[in-house]
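Colleague: I'm new to this one, could you walk me through it?
Modeller: Gladly, here it is.
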Amino acid sequence: MSDVKVTLFITCIVDMFQADVGKATVEVLERLGCDIDFPMGQVCCGQPAYNSGYVEESKDAMKKMIATFEHAEVVVTPSGSCATMFKEYQHIFHDDPIWRPRAEKLASKTYELTEFIVNVLKVENVGAKLSGVATYHPSCHMTRLLGVKDAPMTLLHNVEGLQFEPLPNAHNCCGFGGTFSVKMGNISEQMVDEKVDSAEQTKADFLIGADGGCLMNIGGRIERRGKPIRVMHIAEVLNSR
Amino acid sequence: MAMKIGEGKFKDNVNKNMEDTFMRGAVAGAQERLRTRRLDAAEELGNWEEWRSHGEEIRQHVLNNLDYYLHELTENIQKRGGHVFFAETADEANAYVREVVNSKNGKKILKAKSMVTEEIGLNQMLEEEGCEVIETDLGEYILQLDEHDPPSHIVTPALHKNKEQIRDVFTEKLDYKLTEKPEELALHAREKLRQEFLTADIGITGCNFAIAESGSVGLVTNEGNAGLVTDLPKTQITVMGMERIVPTFEEFEVLVGLLTRSAVGQKLTSYITALTGPRMDGEADGPEEFHLVIVDNGRSGILGTEFQSVLQCIRCAACINVCPVYRHIGGHSYNSIYPGPIGAVLTPLLGGYDDFKDLPYASTLCAACTDACPVKIPLHELLHKHRQVIVEREGRAPISEKLAMKAFGLGAASNPMYAAGSKMASAMMKPFTKNDRISSGPGPLKAWTEIREFPAPNKERFRDWFKEHEKGGGGQ
């Protein structure tokens with residue numbers, strides 16, 4: 001498959017804090033024959049304010065995003081949570097005759113990265129190589145709200161040299177939850193500690209995830225506790241050679 | 001004790017309870033067991049998603065036609081000589097029960113497990129009246145013995161106690177001399193309770209589902225205590241939340257199957273009882289007098305609102321058993337007899353935001369609750385709706401947060417502001433950055449960096465890299 005025009009929604013976290021994840025996303029998709037378009041007008045999807053209850057405050061950002069991606073054939077993003085948010089817009093603008101149809105169009109063409117590779121490009125092995133033991137944290141919005149469970153596992157199992165160890169209690173949230181991580185910091189700390197302990201039990205070299213927010217949370221705690229586990233976004237794993 | 005079980009602030013409760021390592025160990029272990037059992041039971045039944053949809057449909061149908069079914073239920077109970085009282089408030093419900101108890105000169109009252117009687121503070125009222133009230137559900141019995149320790153879970157109320165702690169309670173209160181083996185503890189409680197059943201004046205139960213077509217009260221237990229509570233005393237009083245109705249036995253069967261599988265991973269519980277009014281001529285057992293108290297206590301105010309779906313709840317606690325927040329803070333932190341996700345949605349609706357506005361924020365919106373709910377209540381969406389109401393309709397958010405979110409709204413939606421902000425971030429954070437990490441951040445980052453490292457903003461943002469990358473013709 002070649003010359004698929006992909007419009008990239010990179011997410012504000014990747015844009016500002018995880019540029020390497022963005023680069024890896026571009027390189028993986030280009031290698032698979034995609035032609036990448038990155039509209040510079042993209043900002044944040046509005047999720048932090050929206051989830052905190054500030055629906056009106058976040059609507060301008062949402063409208064901005066809908067307009068920015070209107071021209072796209074397909075929108076791909078390296079985040080299950082932000083992809084979910086794009087699909088949520090149609091419900092948020094449910095009673096808005098102008099923005100609802102535009103939001104519905106955006107929802108119908110938005111894909112999370114691994115979902116896009118496996119289900120749209122129909123590629124299960126991207127030819128990546130990485131040696132070591134890995135465990136995977138399935139992020140909540142990606143698995144429960146977006147419903148993408150198998151695609152990342154399919155791709156990771158085909159990474160040459162990667163040995164897999166299941167994460168105990170993988171289904172439990174890592175304690176990020178956007179503003180929850182600071183608003184309820186004491187609870188969040190216990191949740192992320194349990195996640196880090198679980199990862200440590202697997203003796204994995206790599207903890208892999210597909211959502212920047214969760215990885216920032218788990219990774220930040222791993223660093224603070226000085227654990228020898230490298231946190232990697234799945235795009236970086238798929239881009240390893 | 002009514003719905004509110006303490007005066008402490010949510011944050012203080014959380015900090016206190018998180019130090020209770022016994023409780024946390026007990027909760028984590030129970031969550032894992034109950035989750036696995038629930039998933040196995042759903043798998044064994046097959047077509048779980050269809051059953052969930054069916055359950056949702058039944059509950060929605062009942063809520064949308066509640067007046068009709070309440071009327072049908074009432075008529076059918078009255079036809080068989082039962083009494084029905086509709087209580088708008090907790091006080092009205094308690095006053096009615098008090099009247100019945102006094103008219104029977106009731107002194108010893110036996111109870112089967114009931115959350116709604118906890119909600120209205122029935123035991124406390126009866127004790128103030130000078131009655132002896134005895135809980136017969138083992139979990140509730142333990143808590144009652146332990147100086148009325150409040151329940152921390154809606155199905156297994158003593159979940160926060162381990163067997164050693166229970167042994168200690170029995171040793172102190174019941175002169176118990178055996179070990180912490182559950183079998184020995186349960187047998188001892190059974191022997192004690194048996195004596196009580198025979199001498200009680202009045203039996204009080206809750207109601208899992210009332211069946212409108214027959215005027216029956218459906219009860220689900222594993223200990224058989226509800227049967228004894230209703231069979232032996234001469235007077236039976238059942239207290240139910242006004243939404244706990246099913247049209248016929250057909251729907252009762254569906255919902256009981258969802259309830260027992262979701263609550264404890266059982267196909268059926270050991271006892272499923274349907275009681276229909278007082279004993280009629282020629283019948284062998286049953287009470288001489290039957291009273292049904294239907295409690296509103298704020299429920300009708302939820303009907304027809306954006307929160308109506310919370311009334312679909314069948315009190316199985318599946319959401320509590322998967323909640324990663326409940327896992328660490330336990331039930332008592334919520335300050336409500338209704339803890340966990342269902343409690344964080346329901347409690348502020350019944351008890352108001354003044355006391356409970358922190359609860360909707362005690363969630364990462366991870367949606368594990370929504371996923372587990374057998375009647376498809378979108379719990380995480382309702383938690384989010386509460387936040388929206390608190391911020392937008394009630395205007396109760398802190399000023400600093402409001403300003404930050406206003407700024408976020410402006411900044412995120414505007415290209416020049418986003419571009420400038422994201423570009424400047426790296427330079428602004430420089431004084432706090434060491435090895436590309438911020439270990440002690442300023443302002444809003446402080447709360448984050450108290451717990452974790454924060455990544456320094458990239459000097460070259462992704463978009464800067466992409467511009468260069470594009471110039472190179474998309475090459476490597």
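Colleague: Which domains is chain B divided into?
Modeller: Chain B is split into domain 1, spanning 10-295, and domain 2, spanning 399-471, with bounds that come from an automatic or database domain assignment. This is a predicted model, in which local features need pLDDT of at least 70 and side-chain atom pairs count only at pLDDT 80 or more, while totals for chains, interfaces and linings use all residues. Residues are numbered from 1 along each chain as its sequence is written, and chains are lettered from A and ligands numbered from 1 in the order in which they are written.
Colleague: How many Å separate the centres of the two domains?
Modeller: Taken over C-alpha atoms, the centres of domain 1 and domain 2 of chain B are 52 Å apart.
Colleague: Switching topic, which residues does the UniProt "binding site" annotation cover?
Modeller: The unreviewed UniProt entry lists B:Cys323, B:Cys366 and B:Cys369, given in the numbering used here, with shortened feature names and annotations that may be inferred rather than shown by experiment. They are spread over 47 residues of sequence, yet they cluster in space, with a largest C-alpha distance of 8.7 Å.
Colleague: And is B:Cys366 buried or exposed?
Modeller: B:Cys366 counts as buried because it has 29 C-beta neighbours inside 10 Å; the cut-off for buried is 20 or more other C-beta atoms within 10 Å of the residue's own, with C-beta atoms placed from the backbone.
Colleague: What does B:Cys366 touch?
Modeller: Leaving out residues up to four places away in sequence, B:Cys366 touches A:Cys140, A:Cys173, A:Gly177 and B:Pro324, where contact means C-beta atoms, placed from the backbone, within 7 Å.

Conventions: A residue is buried if 20 or more other C-beta atoms lie within 10 Å of its own, exposed if 12 or fewer, and partly exposed in between; C-beta atoms are placed from the backbone. Two residues are in contact if their C-beta atoms, placed from the backbone, lie within 7 Å.
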